[in-house]
Amino acid sequence: MGLAKVVLNSGDSSSVVSSPTYAGLAEKARLFDQIVYVDTPIANTVSQVRPFYEDGVFQSDDTPVFLRRRLSLSLQTILARRASLRPARMMTSRELRKLPVRDGGIVFYPFNSQSNMNAVADRSLHHVLILHGESNKAASYRPAARLYDYITVAGPLARQRYLRHAIFSQSEMDGGRVIMMGDTFVQTLNWVRPAPFNHASTPAILYCPTWEGYGGEENNYSSISGGYGFEAVIEATQELGLRSVIVKPHPYLGTLKPRMLAELLRGLKRLRAEGLKVRVALAGANFAVRTAVNLGFGRRYALDHDRCQDIGLALVDISGMEAVFLKQNIPHVVLAKVAPISSSLQEIYKRKSLAFGTSGTALFRPYLGDQAEIDNAHRNLIFGWHTPELAAMPNAERIEWLSGYVKANRYWNESSGSI
């Protein structure tokens, strides 16, 4: 096993800055106050981590990413035309015995990976699970969360999930082990903005299907399966009188089930057969998706991400995109394979969600008419703050607060008997 230090350049969304070798003994021996540690077999991992740096949550100079070396990640740098991973430093086996963090420092984990168990065994460090967004998927409340010293969540709904599944107790919540950080770890799509329906605006429908997920069909929330999402898109364009559609595939789509790529292409052809203007958002898409779309339709169907896109309505699966669009105030309807686990969410979903295969004709316009009210209720459920002052802070200050909170370690100093 090896680790590659990956330094993210927030000014370049297509690549990762690197240096070819050690920069002398000083660089080799450098310890950081905090790092982001990533271990995942998914080749397109950095597309999930990069938004932290683009949005100013972390700074690459003081909080670099350390990535466990895997063959799939190395192949990405070879196969991708514009590589998104370039290892800056390979660590030897001896170096791997301890992450390059000074005693008392912090390791942030955006993925709940198996090798994290080895990392959290180092009790000279603080270990914080941040994940990479906010989602109602089952993966958002895994028991493995208990491995970490602290866990950040977006707000009340995430706390409810952990309590309902008895992963954390109320006393642990009250004691401060689970930290509400609002939309801090929810990415921003800088190329979309909400647009009203009027004669001066011709917004697009944005469709964001999720990937197939680990663990079989029970964890597959993707509306690409069976073509349900594409049918909903067509119905929305007809009901709202819009003719432009943007499809944004999940960065991991087709990673575990290559047949999902064929279903994606079938769906895109179905949209074109309806005479719709179709573009595919390929920034952040994995190599297989980019190749399939470019070979199947040509590069002219790729979206120009340098231009901000007016969005009249987004259709999303149960996924992190719900929180993204709540953060950006973009109207969105949720395509739901399963019923929500929260009773409070059920009331909201009655007004803004469609079960796979059901008609949205009676839902789209009423939702848009009451969008502010519905989404405000949804937003208040999704986002919350450990302390009210966090809401007004820029992302960098929120991380400074979080780092200070973790290092003070009040929960473990005062409530260590609650585990």
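Modeller: In α10, the buried residues are M321, E322, A323, V324, F325, L326 and Q328. This is a predicted model, and burial here rests on a cut-off: a residue counts as buried when its relative accessible area is under 20%. Helix α10 covers residues 321–328, and because seven of its eight residues are buried, the rest of the structure largely encloses it.

What surrounds it can be listed. After α10 comes N329, which has a positive phi, near 60°.

For a contrast, take helix α8, which spans residues 259–273 and contains K269. K269 counts as exposed because its relative accessibility is 51%, and the cut-off for exposed is over 50%. Together with R266, R272 and R300, K269 forms a positive surface patch.

Now the chain as a whole. The chain has 419 residues, of which 55% count as buried. Its secondary structure comprises 15 helices and 15 strands. Among contacts in the chain with a separation of 6 or more, 72% join residues 24 or more positions apart. The chain exposes about 17,900 Å², and 52% of that area is supplied by carbon and sulfur atoms.

Note on methods:
Residues are numbered from 1 along each chain as its sequence is written. This is a predicted model: local features need pLDDT of at least 70, side-chain atom pairs count only at pLDDT 80 or more; totals for chains, interfaces and linings use all residues. Side-chain values use heavy atoms; hydrogens and water are left out. Patches are made of residues with over 30% relative accessible area and no salt bridge: like charges are joined within 9 Å, nonpolar side chains (Val, Leu, Ile, Met, Phe, Trp, Tyr) within 5 Å. Accessible areas come from the Shrake-Rupley method with a 1.4 Å probe; for residues, only the protein chains shown count as cover. A salt bridge is a side-chain nitrogen of Lys or Arg within 4 Å of a carboxyl oxygen of Asp or Glu. Lys and Arg count as positive and Asp and Glu as negative; His and the chain ends are not counted. The place of a charge is taken as NZ of Lys, CZ of Arg, CG of Asp or CD of Glu. Helices (H or I, at least four residues) and strands (E, at least two) are DSSP runs, numbered from the N terminus. Buried means under 20% relative accessible area, exposed over 50%, partly exposed in between (1.4 Å probe, protein chains only). Contact means heavy atoms within 4.5 Å.
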